[in-house]
Amino acid sequence: MSVIELVNVSKSWGGAVAVDDATFTVEDGSFLVLLGPSGCGKSTTLRMIAGLESVSAGTIRIAGNDVTHLPASKRRISMVFQSYALFPHLDTAENIIFGLRVRKVAAAERRERLNKVADTVGLGGLLDRKPSQLSGGQRQRVALARAIIAETGICLMDEPLSNLDAKLRHDMRVEIRGLQQRLGMTVIYVTHDQAEAMSMADKVILLRDGRIEQEGTPEDLYDHPATTFSASFIGTPPMNLFDLADGAGGAVISETGSGPVLDGPGQGFQLGIRPEHIRITAGAGIAARLLATDYLGADTIVSARIGGQSLLIRMPGRFHIGDDPNVNLRWPSEAVHVFDGQTGNRVNGRRAVDHAA
Amino acid sequence: MNHVYGWLLLLPAAVFLLAFTHYPTVATLMQSFFSESTALRPSVFVGLENYELLAEDEIFWKVLNNNLWYAAGTIPTSIAIAILMAIWVNRRLPGRGLVRMAYFTPTILPMIAVANIWLFFYTPEIGLFDQIGAVFGMPSQNWLGDPDLVLGSLIVMTIWKEAGFFMIFYLAALQSLPPELEEAAHLEGAGRWYFFWRVTFPLLMPTTLFVMINAVINSFKMVDHLFILTKGGPDNASSLLLYYIFEVAFSFFDESYAATLTVVLLVLLAVIAVGQFVLMDKRIHYR
Ligand SMILES: Nc1ncnc2c1ncn2[C@@H]1O[C@H](COP(=O)(O)OP(=O)(O)O)[C@@H](O)[C@H]1O
Ligand SMILES: [Mg+2]
């Protein structure tokens, strides 16, 4: 069952369109991530759902009710802000129970819920501290606690982890996802970090310039990118894209003398292949020249060139370029993605040439 | 070597402060223990005699009483109006800059000019207030000539002058509050009124303390308008402490007694300022 529904929702400021005709649903108890580069309209979408921003066109429904023109205070939604938005003059406990006081929840129940939530997010000993006496991670927890104590069932988060350091960000990622599953919350989570989206989401909505570029599970986005934009946004490093040309035995990578990579025509198409699917081989394959390596511990990112087109290859472990940088590359035919060179849209049904064969 | 250099840097400022602030203060204090010198009798040490005189001076008590009413009448109201105006012009409203400027205009006018404008407002029969009153059938009032009305009239004018000035401080403070706080509060179900009392007002407390101390000092310091409007009359009904000091010193030429009054005024202001700090500091959240 879907709890949140957006139907043809748009938002513009004067002439500038921030969100253009967005339609999607969020399932009850699921974790939805709005992903996209900075300025693509993620926050605006989230703020329209929260009621903090008016809607230019379209309808928003929550639990079946039209809330398009309902003020934020009536929507029964909680939110975690990027800046946390904690009240600086109130201590941790008062920050967390702010909403309970507004809604005149009895003191005994307030205390009970506060203790439960403080335990859940691990703020036990810090209830009488002011936000200025807390670390970034602890403030983040207070903001989370304030969102979950409301028991609204729906929680919106706008880049909640972007002010934390890398290690803490990873821990909080796991923790937020765990909390969401344990409490059965419906979460809409905004981020520009595709790794965050991949690791946390049940469903990802990829936005580009205010439009939905692709919608699907993390696996969908990774395995079947709908456009070259999706392909190059998901994955670190992102998918390699090559321009193709017509060749003798099929499509060839343009500006190279290498053999065919695809049956049929090549002109006007692009071939996509993920860095982790490329293997360096002594046998037959596409001729390439290795240029440099970037050692990351578990693997090494090798930059290379096929003719005039550059690409990245992910090699497991530590990798050194040998005396002869000229090598052959191959990849399994099922790892090949084909896109229309003009529109960037995915083209299905093309058969890749398997170099292993 | 280094701190010699430091002291040298401090020297010019220190000299001016000593010469024009600290020395006159001490000199005034000294003078208040001496009698006024006349052609026949030189000034002699009289101990607390001047202060005994002051305790029995009916005009002093009346003027002090006036001043307390004047402070009580102007300060809370002008602060409340300042906060209201600041919140209002902090909104996204058309012509915001113009409205802000309009509210601020009274502040940049010299008090003498303000008094002249209000003299016209308060003139019986032909003044603005009486003319407006006449439309609604109200009798003419002698706003500045009636002992029961004159202090109130001065209070209204002072609020008009001061509120815009205080508004600027509140506006600056409001603009430093992150807008997410209000958004977060709304999402928690809080209305405007609740948010103001629970969040905005406490966060404005440092500004309020600053404005309050300024307002108190101002209410004892402002006399310019009295020269234009009332000269302290009728029957000292509108005279304030500083105006009385001026009269004693430069109309009655009793410098010793003026010094005594000055000392009392200084002590009063110091006690109020320190009191405000000590009382309010604990309850203020500084960011
Ligand atoms: N209050 C506003 N007024 C005008 N334009 C805005 C406003 N807020 C956002 N925008 C514009 O809308 C677009 C989307 O913004 P936003 O939703 O904040 O992007 P994101 O969160 O994805 O980085 C941007 O081009 C931004 O400049
Ligand atoms: Mg944003």
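**Figure 1. The loop residue G95(B) in the predicted model.** G95(B) sits in the loop between helix 3 and helix 4 (96–108) of chain B. The model shown here and in the other views is predicted.

**Figure 2. Chain B as the setting for the views of its residues.** The secondary structure of chain B consists of 13 helices and zero strands. Read along the sequence, the pattern is therefore α-α-α-α-α-α-α-α-α-α-α-α-α. The C-alpha trace of chain B spans about 80 × 75 × 30 Å along its principal axes. Of the 287 residues in chain B, 41% are buried.

**Figure 3. A nonpolar surface patch on chain B.** Six residues are shown here: V4(B), L8(B), L11(B), V15(B), F16(B) and F20(B) make a nonpolar surface patch of about 630 Å². One of them, V4(B), lies in helix 1 (residues 2–31) of chain B. Is V4(B) buried, exposed or partly exposed? V4(B) has a relative accessible area of 43% and is partly exposed. A residue needs over 30% relative accessible area to be part of a patch, so V4(B), at 43%, passes this cut-off.

**Figure 4. A salt bridge between D235(B) and K62(B).** The side chains of D235(B) and K62(B) meet in a salt bridge, with 3.7 Å from N to O. This pair links distant parts of the chain, 173 residues apart: D235(B) is in the loop between helix 11 (224–229) and helix 12 (241–250) of chain B, and K62(B) is in helix 3 (residues 58–90) of chain B. D235(B) is exposed, with a relative accessible area of 61%. K62(B) counts as partly exposed, at 33% relative accessibility. Elsewhere, salt bridges that share partners join R47(A), E53(A) and E183(B) into one network.

**Figure 5. Chain A as the setting for the remaining views.** Chain A has nine helices and 19 strands in its secondary structure. Its C-alpha trace spans about 80 × 45 × 35 Å along the principal axes of chain A. Buried residues account for 50% of the 357 residues in chain A.

**Figure 6. A salt bridge between R177(A) and D202(A).** Side chains of opposite charge can pair when their charged atoms come close. Over all chains, the count comes to 17 salt bridges. In the one shown here, the side chains of R177(A) and D202(A) meet at 2.8 Å, N to O. R177(A) lies in helix 6 (residues 166–183) of chain A, and D202(A) lies in the loop between helix 7 (194–200) and strand 9 (203–208) of chain A, so the pair ties together parts that are 25 residues apart in sequence. R177(A) counts as buried, because its relative accessibility is 15% and the cut-off for buried is under 20%. D202(A), at 31% relative accessibility, counts as partly exposed.

**Figure 7. A salt bridge between E215(A) and K203(A).** The side chains of E215(A) and K203(A) meet in a salt bridge of 2.9 Å, N to O. E215(A) is in strand 10 (residues 211–216) of chain A and K203(A) is in strand 9 of chain A; the pair, 12 residues apart, links distant parts of the chain. E215(A) is partly exposed, with a relative accessible area of 35%.

Figure 8. The residues around ligand 1 are W13(A), A18(A), P37(A), S38(A), G39(A), C40(A), G41(A), K42(A), S43(A) and T44(A). By class, this shell has four nonpolar, five polar and one charged residues. Which helix gives the largest share of the shell? The largest share, three residues, comes from helix 1 (residues 42–50) of chain A.

**Figure 9. Polar atoms close to oxygen atoms of ligand 1.** A polar side-chain atom of T44(A) is 2.5 Å from an oxygen atom of ligand 1. In the side chain of S43(A), an N or O atom lies 2.6 Å from an oxygen atom of the ligand. For G39(A), a polar backbone atom is 2.6 Å from an oxygen atom of ligand 1. On its own, ligand 1 has 560 Å² of accessible area, and the protein covers 56% of this area.

Definitions and conventions. Residues numbered from 1 in each chain as written. Chains lettered and ligands numbered in written order. Predicted model: local features only at pLDDT ≥ 70, side-chain atom pairs only at ≥ 80, totals over all residues. Heavy atoms only, no water. Near = heavy atom within 4 Å. Polar contact = N/O pair within 3.5 Å; in protein donor to acceptor, adjacent residues only side chain to side chain. Areas by Shrake-Rupley, 256 points an atom, 1.4 Å probe, with all protein chains shown as cover. Helix = DSSP H or I, 4+ residues; strand = E, 2+ residues; numbered from the N terminus. Nonpolar A, V, L, I, M, F, W, Y, C, P; charged D, E, K, R; others polar. Patch = residues over 30% accessible without salt bridge, like charges linked within 9 Å, V, L, I, M, F, W, Y side chains within 5 Å. Salt bridge = Lys/Arg side-chain N within 4 Å of Asp/Glu carboxyl O. Buried < 20%, exposed > 50% of the residue type's maximum accessible area, 1.4 Å probe, protein only.
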